[in-house]
Each structure stands twice: as C-alpha cells, then as structure tokens.
2 protein chains.
Amino acid sequence: MLTIERHEIILSLLKERVTVKMQELVDETNASESTIRRDLTDLEKANKLKRIHGGATLLQKKLEEPTVAEKTIKNSQEKKKIAEKAASLVDEGDCIFLDAGTSTVEMIPFLEGKEVVVVTNGLSNIPLLIDLNIETHVVGGYVKSGTRAFIGRSAIRTLESFRFDKAFIGVNGVAIPDGYTTPDPEEAFIKESAIKRSRQSFILADHSKFGEISFSKFSNVEEAIVVTSTKVDEEYLRNLRKMTTLKVVSL
Amino acid sequence: MLTIERHEIILSLLKERVTVKMQELVDETNASESTIRRDLTDLEKANKLKRIHGGATLLQKKLEEPTVAEKTIKNSQEKKKIAEKAASLVDEGDCIFLDAGTSTVEMIPFLEGKEVVVVTNGLSNIPLLIDLNIETHVVGGYVKSGTRAFIGRSAIRTLESFRFDKAFIGVNGVAIPDGYTTPDPEEAFIKESAIKRSRQSFILADHSKFGEISFSKFSNVEEAIVVTSTKVDEEYLRNLRKMTTLKVVSL
DNA sequence: GTAATAATGATCGAAAGTGATTGAATGTGA
DNA sequence: TCACATTCAATCACTTTCGATCATTATTAC
C-alpha cells in the first residue's frame with residue numbers, strides 16, 4: 001500500500017471518529033505499528049492531526065478540553081470494565097438505547113455477536129455498530145459538532161416512537177440529592193426521554209463523576225441503576241444503595 | 001506503444017484513481033518498469049503529476065484535504081463535474097436535502113463556505129458536512145449496512161417535518177417512460193418523499209444511468225431536473241429535454 | 001542497406017520504506 | 001508512593017523502489 005493511501009485512510013477515519021487508536025489504524029491498513037507510528041509523526045508534522053498517547057486526534061479548532069480526546073483514547077481500565085459490565089446486562093433479543101458519549105461507546109465491542117437491536121443518538125457509535133452487524137436505528141436531528149450527538153426536536157420526536165428494554169446512559173455528574181446531570185440541556189432532554197421510554201435504565205459512571213453536579217438534570221437517582229466501579233468512595237456507594245440499585249465492578 | 005499513448009494512459013488512470021502504483025502502470029501499458037519510470041519523470045517535469053515513492057499522484061491541492069469520498073469511491077471525473085455543477089445550483093441561505101450515495105457526497109466539498117442548512121439521510125455525508133461547519137440535520141431511522149443510508153418509517157416521518165428549497169438525489173436508472181429508479185424500495189421511498197417536500201429537485205446522473213431501469217421507481221422524469229454530462233447520448237438528451245429541464249456539464 | 005539517433009529493457013548500487021525488537025517514558029492500579 | 005502494563009522512540013535487518021548506466025532494439029535519414 002502506498003504511503004499516501006495510508007495517510008488518507010488515517011485522516012478519513014479521524015474525520016469519522018474524532019479519535020483513533022493505534023490498533024484500529026493497524027487493523028485498518030494492514031501495516032505494522034512502526035509504520036503507522038511513522039505515518040502519524042509525518043502527519044503531525046504536516047499539521048494534519050495531533051498525536052496523543054495511544055493514537056491520534058483531530059486538531060480541534062475550537063478549544064475543547066484537550067484532555068477529553070485523551071480520556072477517550074486511554075480507556076482507563078475502569079471505563080472499559082464498567083462498559084463490559086453494562087454490556088453483560090444486555091440479553092439476547094433486547095432492544096436497547098445507547099447514549100452518545102465516551103462511556104457508552106466502549107460497550108459496543110462487548111455487544112459483538114449478541115442478537116440485539118440498538119437505537120442510538122451518537123454519530124460515532126454508528127460505524128462501530130454496523131461493523132459488528134448489529135441492527136442499528138438512529139435518532140435523527142441536528143448534529144452537535146462537539147459531542148457528535150443528535151439533538152433537537154426531531155430527535156426527541158423519533159425517540160418517542162420507540163420503547164426500549166434497556167437504556168444505557170452516560171453522565172457527567174451523579175450526586176445526592178441532585179440526581180444525574182450533564183452540561184447540555186438538549187442532550188439532557190434526550191437522556192430523560194430515553195429513560196422514560198425504557199423498562200430499565202443504566203447510568204454508566206466512573207468514580208470521577210460522583211459528587212459532581214453539572215448544569216442540566218435529567219433524572220432522579222432512583223430512576224436508574226448505576227453501573228460503576230469499586231474505585232468510588234465506599235460511603236458514597238452506601239448512600240446511593242439506599243436509593244437505587246448499583247452494579248459495581250471490581251478492578 | 002507510442003510514448004504519447006502511455007502518457008495518456010497514465011494521466012487518465014490518475015484522474016480516475018488519484019494515485020497509481022508503479023506495478024499497475026506496468027501492467028496497464030505492457031511497458032517495462034524503466035520506461036514507466038522515464039515517463040513519470042517526464043510528466044512530473046511537465047507538471048502533469050507528482051511522483052511519490054511507489055507510484056504517482058495527482059498534482060492537486062485535493063490531497064491536502066483528502067475526503068472519505070476520494071478514498072472510498074473511484075471518482076470518475078464525470079461524477080465530480082456533475083457534483084460541482086449541482087453544488088453551484090445551491091444558493092446562500094438554502095435549505096437543501098442531500099441524498100445518500102456516491103454522487104451526492106461529491107457535492108459536499110463544493111459547499112464549503114456556503115451558508116446553507118443540509119438535511120441528509122446518508123451516514124457518510126455527516127462527518128464531511130460537520131467538518132465544513134455546515135449546519136447538518138439527519139433523518140433518523142434504520143441504518144442500511146450496504147449503502148449506509150438511513151431508511152424506514154422513522155426516517156420518512158422525520159422527513160415529513162421538513163420543507164426544502166432544493167433536493168439533490170442520486171439514482172440508478174433514468175429512462176423514458178419509466179422515470180427515475182433505484183434498487184431498494186425503502187430508499188426509493190425516501191427519495192420520493194424528499195422530492196415531494198422540495199420546491200425544486202435535482203437528479204444527479206452520470207452517463208451510465210441513462211436507459212437503465214432499476215427495481216423501484218420513485219419519480220416521473222418531469223418531476224425533477226436532471227444534472228448530467230455531455231457524455232450521455234445526444235439523442236437521449238433531446239428526448240429528455242422534451243419532458244424536463246436538463247443541466248448538462250461538458251467534460 | 002547502412003549509419004545516426006532515439007527509445008526500450010535489464011542490471012545494480014543507492015535510497016527509501018517497512019517490520020521487529022528493545023530500553024525508556026508514560027500511564028494505571030493498589 | 002511503588003509495581004506493573006502500555007506506549008513510545010530509536011535502532012537494526014530486510015525488502016522494495018529509485019536513478020544511473022549500458023547493451024539492445026526500433027526508427028529515421030540518406
């Protein structure tokens with residue numbers, strides 16, 4: 001394969017997903033890690049992307065938190081474990097809602113081979129789901145450029161025509177008594193709607209989210225089951241347990 | 001074989017594929033590697049192409065902004081020209097529908113900088129549009145894995161809430177009197193719906209589509225304007241012109 | 001036909017690209 | 001903090017591609 005061809009593949013994958021991991025690039029190009037590394041070095045020199053530990057990311061025009069991209073790519077073991085646990089809660093034949101976001105996207109690899117139907121509002125989720133041959137439905141709407149989530153009236157409206165067995169939702173803050181919160185009211189609205197339409201709802205939250213309160217509340221604590229890890233303060237977990245069910249993975 | 005003939009072959013291959021490998025050129029021309037090497041050196045001196053390790057590439061700025069389209073689609077020059085013409089029909093402030101498919105995706109680079117709102121049912125269109133900072137709305141629905149198009153009831157339903165200034169639609173067959181046709185009935189339904197909701201509709205069709213009849217009809221010939229090229233049989237164009245407006249680009 | 005000229009194909013050392021390895025650097029979990 | 005795992009950059013051996021050269025073949029002029 002020509003060097004330029006690899007470069008194009010790398011850049012187009014980046015445009016699709018915002019961040020790519022080294023291994024994904026190796027798989028996609030059938031080149032060795034060394035070669036991809038050299039490619040990334042070249043492309044960074046040419047100002048086409050930014051290297052980060054474990055892969056690469058688009059150079060953000062706007063000042064998004066630079067750490068966000070890094071957080072995505074470095075799946076802390078914790079996030080991945082939580083995602084795996086969440087995915088294990090999915091049964092054959094389930095129809096599930098998969099929220100946009102970095103926590104939920106990690107669940108997708110663990111859904112491989114399961115006979116499920118997925119509804120999502122996350123643009124980045126879609127290619128991954130299709131690749132696994134999972135039946136995927138998408139909530140339409142306006143595409144928010146930052147998080148690449150579908151939001152807005154028509155997203156809500158589409159959502160209203162679904163009923164889910166389970167909903168898996170990302171979150172920015174989990175607090176008592178403030179409930180589950182996230183920065184963008186539009187996204188909060190989607191989350192709220194998904195939870196309402198689901199028999200069971202699961203909030204994926206790593207330890208950094210506990211005690212945090214973000215701008216938009218989308219649900220009370222007791223309305224969803226929290227999937228998290230033993231890294232969370234034990235007392236916080238005890239208090240939460242009085243109000244709702246927890247699924248806690250040990251690391 | 002004449003030197004000039006080889007040069008033509010090389011250049012036309014390049015136009016089709018953007019990059020060519022040395023071995024491909026050797027196979028295609030039945031000349032030795034040495035000869036091809038000399039050809040490439042000459043053509044580079046004449047500023048007709050750029051040599052790269054392992055082959056050659058077009059000498060265009062396009063390489064700086066490699067789009068998914070350029071990689072995944074074997075862009076015929078014709079398709080690109082048609083797309084450019086179609087994009088030129090978009091006015092500032094328009095709200096347009098952009099069909100899923102390889103013809104319409106080519107339009108996107110030409111929309112850069114235009115103040116438009118785009119509604120699309122093509123997954124592959126979305127990252128490209130966002131990248132150009134174009135306000136993008138997505139018809140939800142089931143994701144068809146082959147064409148990566150959104151289809152189904154909720155796609156239709158979302159579509160119903162929009163009204164477009166212009167709709168740009170891909171097609172598989174353009175025939176008289178059979179109208180515009182495409183293989184998948186679901187996709188045909190989307191196209192039909194988009195056309196109904198648009199003040200003006202444009203069908204993007206290269207020469208290979210004329211006289212073809214596919215499975216699902218989605219519109220009569222007279223209900224949309226055809227954007228195509230001079231590569232189409234002149235008589236066919238004359239007949240079509242009796243029924244609808246044509247925009248014909250010369251190659 | 002023959003000589004002069006141009007184009008071609010083969011060869012080979014040099015240059016560039018690739019993949020594996022390894023110790024260093026960085027990130028993770030306890 | 002330390003121990004452990006992952007990722008990185010540097011390096012080496014190997015492969016592919018490149019450019020230069022030269023003998024051979026085709027073309028042209030006389």
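**View 1. Strands E10(B) and E11(B) of a predicted model pair in the antiparallel sense**. E10(B) and strand E11 (residues 179-182) of chain B pair over 3 bridges. Two strands pair if DSSP finds at least two bridges between them. Helices (H or I, at least four residues) and strands (E, at least two) are DSSP runs, numbered from the N terminus. Val174(B) has Tyr180(B) of E11(B) as its bridge partner. This is a predicted model: local features need pLDDT of at least 70, side-chain atom pairs count only at pLDDT 80 or more, and totals for chains, interfaces and linings use all residues. Residues are numbered from 1 along each chain as its sequence is written, while chains are lettered from A and ligands numbered from 1 in the order in which they are written.

**View 2. An open sheet of 3 strands in chain B**. The strand order is E10-E11-E13, with antiparallel pairing. Strand E10 (173-175) and strand E13 (216-219) of chain B are the edge strands; each pairs on one side only. From one strand to the next, the twist averages 35°. Helix H9 (residues 185-196) of chain B packs on the sheet and touches E11 and E13 of chain B. The direction of H9 makes about 5° with that of E13(B). Axes are lines fitted to C-alpha atoms, for helices over the stretch in contact, and angles run from 0 to 180 degrees between N-to-C directions.

**View 3. Chain B against chain A**. In contact are 28 residues of chain B and 26 residues of chain A (C-beta atoms, placed from the backbone, within 7 Å). H7(B) gives the largest share of the chain B side, 4 residues. That side divides into 12 nonpolar, 13 polar and 3 charged residues. Ala, Val, Leu, Ile, Met, Phe, Trp, Tyr, Cys and Pro count as nonpolar, Asp, Glu, Lys and Arg as charged, and the others, Gly among them, as polar. Strand E7 (residues 141-143) of chain A pairs with E6(B) in the antiparallel sense over 2 bridges. Tyr142(A) has His137(B) as its bridge partner there.

**View 4. The surface near DNA strand C**. Of the 17 residues around DNA strand C, those that come nearest are Ser32(A), Ser34(A), Thr35(A), Gln77(A) and Ser32(B). A residue is near if its C-beta atom, placed from the backbone, lies within 6 Å. Helix H3 (33-45) and helix H5 (77-88) of chain A, and helix H3 (33-45) of chain B, each supply at least two residues. The surface divides into 3 nonpolar, 12 polar and 2 charged residues.

Key. Contact = placed C-beta atoms within 7 Å.
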